[in-house]
Amino acid sequence: MQQCARCETRISAGGEWVELRHHHEHMNFESRFCSPACASAYLSEDLDAT
């Protein structure tokens, strides 16, 4: 079972989620979120940290 990358809520196999794919020169990876709000907050927090 997958977990939200921000709040760690479990995401059921048949459920809905938001998926972001990160592409960098030397690596690619995916993050899954339980809701658009969690995805937005995750991105916002990451941008604030830089």
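Two residues are in contact when heavy atoms of one lie within 4.5 Å of heavy atoms of the other. Among contacts in the protein chain that join residues at least 6 apart in sequence, 31% link residues at least 24 apart. The model on screen is predicted.

**Whole chain**

Start with the protein chain in cartoon view. The protein chain holds 1 helix and 4 strands, and from the N terminus the order is β-β-β-β-α. Along the principal axes, the C-alpha atoms fill a box of roughly 30 × 25 × 15 Å.

The protein chain exposes about 4100 Å², of which carbon and sulfur atoms supply 48%. Of the 50 residues in the protein chain, 14% are buried. Colour by charge: there are 4 positive and 8 negative side chains, and the centres of these two sets are 8 Å apart.

**The nonpolar core**

Select Cys4, Ile11, Phe33, Cys38 and Ala39. These 5 residues form the largest nonpolar core. Within this selection, pick Cys38 and show its neighbours. Leaving out residues up to four places away in sequence, Cys38 touches Cys4, Arg6, Cys7 and Phe33. Now pick Phe33, a core member with a relative accessible area of 0%, so Phe33 counts as buried.

**The aromatic pair**

A search of the whole structure finds 1 aromatic pair. The ring centres of Phe33 and Tyr42 are 4.9 Å apart and the planes meet at 55°, so this pair is tilted. The cut-off matters here, because only planes over 60 degrees apart count as edge-to-face. Is Tyr42 buried or partly exposed? Tyr42 has 25% relative accessibility and is therefore partly exposed, whereas Phe33 is buried.

**The loop between strand 1 and strand 2**

Move to Arg6, which sits in the loop between strand 1 and strand 2. Which residues does Arg6 touch, not counting those up to four places away in sequence? They are Phe33, Cys38, Ala41, Tyr42 and Glu45. Both rings of the aromatic pair are thus among the contacts of Arg6. Arg6 is partly exposed, at a relative accessible area of 37%.

Check the backbone angles: phi of Glu8 is near 65°, a positive value in a residue other than glycine. Most residues other than glycine have a negative phi. The relative accessibility of Glu8 is 55%, so Glu8 counts as exposed.

Thr9 is found in the loop between strand 1 and strand 2 as well. With a relative accessible area of 39%, Thr9 is partly exposed. Display its contacts: not counting residues up to four places away in sequence, Thr9 touches Gln2, Gln3, Cys4 and Cys34. Thr9 and Cys34 are 25 residues apart in sequence, and their C-alpha atoms are 6.8 Å apart.

**Strand 4**

End at Asn28, in strand 4 (residues 28-33). Asn28 is exposed, since its relative accessible area is 57%. Beyond residues up to four places away in sequence, Asn28 touches His22 and His23.

Methods:
Residues are numbered from 1 along each chain as its sequence is written. This is a predicted model: local features need pLDDT of at least 70, side-chain atom pairs count only at pLDDT 80 or more; totals for chains, interfaces and linings use all residues. Side-chain values use heavy atoms; hydrogens and water are left out. Helices (H or I, at least four residues) and strands (E, at least two) are DSSP runs, numbered from the N terminus. Buried means under 20% relative accessible area, exposed over 50%, partly exposed in between (1.4 Å probe, protein chains only). Accessible areas come from the Shrake-Rupley method with a 1.4 Å probe; for residues, only the protein chains shown count as cover. Lys and Arg count as positive and Asp and Glu as negative; His and the chain ends are not counted. The place of a charge is taken as NZ of Lys, CZ of Arg, CG of Asp or CD of Glu. Rings of Phe, Tyr and Trp (its six-membered ring) pair if their centres lie within 6.5 Å; planes under 30 degrees apart count as stacked, over 60 as edge-to-face and the rest as tilted. A nonpolar core is a set of buried Ala, Val, Leu, Ile, Met, Phe, Trp, Tyr and Cys residues joined through side-chain atoms within 4.5 Å.
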